[in-house]
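Here is a short report on one protein model. Look over the sequence and the structure first, then read on.

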Amino acid sequence: MRNNASLIYRIALVLGDFLALVGAFSVAYTIRVKHDPRPLIQQIPAETYLLSILLVLPLWVIIHGAIGLYSRSVIENRFSELGKLVLGSLLGILAVVGYDFVINNKLFPARLVVVYAFLLGFGFLVVFRTLARKIRSILFSYGIGVTNLLIVGNGKSGRSVINQFADTATGYRVIGIVGEPSKYFPDIPVFDNLDQARKKLRLANIHSIIQTSLYRDEAKNTDVLTFAQENHIEFRFLPANSELYSGNIEVELFREIPAITVHQTALIGWGRIVKRIFDIIFGAIFLIIALPFILLSAILLKITSPREKIFFTQIRLTQFNQPFTVYKLRSQSQKFDGTTPEEAFKLLGKPELARKYRENGDYLPHDPRVSVVGRFLRRTSLDELPQLFNVLKGDISLVGPRALVPQELEKYRQKHHILSVKSGMTGLAQVSGRLNISFEERRKLDVYYVQNWSFWLDIVILLRTLRTVLSGKGAK
């Protein structure tokens, strides 16, 4: 049966948001009226102000609901929630100001109360939501409010799902598997069929069913769905061919026939236009800021390696398999240009380093190909700055999958996903560990970005890139 913990949590968020906003408006009034000697527009008693605020703030909370701040997809995603809170705060304060404009009596004793209320409101909401998330996680760790899952099918997809929910702190707990006995999860009860699971497990304990593989007998598949619907149990199906359902999905009428359209990437339509405009504006701003650093680095390279070129160029691939020339400040000896790591290490007489390089996520702490100045440039990411010229030219974007050389990308089975959008200076893989994750994991993150692009995700990645570069975490 349905687990009410999620509903209770959402109700708590509604009440908490309202109280956080009441607190913010109260503090804003106190700061401006009680502690600011400047004259007020109108004398409004605290009781009258508070009563008016209590009447209008439900409108702000309704706006939160309208933009999805109480939906599960937003609640479960910290960065998405933060972005929605920014939007909700802007719309909320506009609604309050609009209310003040249409009523006969003034709501605010001074204009600064509005400014303080907006800033404090956003801050209080973020603090409250952070605490609420932490408290819920603690309750989950004690098994309180956890959603019980029944897995139908225990193949590769089933194992992946069960591994994801091995810890109850995730908010989920696997209470049974309908399928063949598995050596991977000896502590989880396994049932031959749904009827057996239904008899052994109390119906009220089954909150959600996840089917990870289809039966050859279509009637059995129908039985699983019917059982879930008749008992009001949440049902999910994870297809074996996950690529079919990845990306941006639309349900539409195709010549009066209901059809599911799967776009290869969510970056379509207006998103491509907005992203390009953003690249041009901020690419130009970043380039102006970067030019002195590029110039100083170029002088340093010329002094230390007068016979070598300052800039490193290489043919890489971007959207729709288009080759382009990438620009970087030189960090390794010119004699290794045009060689793969395997070829370069062989030239050095150290072919064994190639394997170590690949196993370490395409990185060696003391790579013999890299100069002393080059190590500094890589550690500070200064070597990447000339790629801003590529951004302005339209070769790549500020954010996107890593631009790879054709030989590297050829090895990856899902390269068609990565090449459906422009490559980027930075990306999800670069801010998720950089050298600490393998080539395969980095490409999976690239595919995730392509299929789940949003403008807010780009902003988050840029901010995390700045933090990663300044901290030096994972730098090469």
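## Cores, a buried glutamine and a surface patch

In this predicted model, the largest nonpolar core holds 33 residues. Phe25, Tyr49, Ile53, Leu57, Trp60, Val96 and Phe108 have the most contacts inside it. Five helices, H1, H2, H3, H4 and H5, each supply at least two residues of this core. H1 gives the largest share, nine residues.

Take Val96. Beyond its neighbours within four places in sequence, Val96 is in contact with Phe25, Val56, Trp60, Leu107 and Phe108. A second, separate core has 30 residues, including Phe278, Val326, Val373 and Leu428.

Gln430 lies in the loop between strand E11 (424–426) and helix H16 (439–451). Its neighbours within four places aside, Gln430 touches Arg402, Met425 and Thr468, with heavy atoms in contact.

The surface has a nonpolar patch of about 870 Å² of accessible area in total. Its members are Ile273, Ile277, Ile280, Ile281, Phe282, Ile285, Phe286, Ile289, Phe293 and Leu392. Helix H9 (residues 270–304) gives the most to this patch, with nine residues. Ile273 sits in helix H9.

Are Gln430 and Ile273 buried or exposed? The table sets out the values.

| Residue | Relative accessible area | Class |
|---|---|---|
| Gln430 | 14% | buried |
| Ile273 | 54% | exposed |

Gln430 counts as buried because its 14% is under 20%. Ile273 counts as exposed because its 54% is over 50%.

Methods:
Residues are numbered from 1 along each chain as its sequence is written. This is a predicted model: local features need pLDDT of at least 70, side-chain atom pairs count only at pLDDT 80 or more; totals for chains, interfaces and linings use all residues. Side-chain values use heavy atoms; hydrogens and water are left out. A nonpolar core is a set of buried Ala, Val, Leu, Ile, Met, Phe, Trp, Tyr and Cys residues joined through side-chain atoms within 4.5 Å. Buried means under 20% relative accessible area, exposed over 50%, partly exposed in between (1.4 Å probe, protein chains only). Helices (H or I, at least four residues) and strands (E, at least two) are DSSP runs, numbered from the N terminus. Contact means heavy atoms within 4.5 Å. Patches are made of residues with over 30% relative accessible area and no salt bridge: like charges are joined within 9 Å, nonpolar side chains (Val, Leu, Ile, Met, Phe, Trp, Tyr) within 5 Å. Accessible areas come from the Shrake-Rupley method with a 1.4 Å probe; for residues, only the protein chains shown count as cover. A salt bridge is a side-chain nitrogen of Lys or Arg within 4 Å of a carboxyl oxygen of Asp or Glu.
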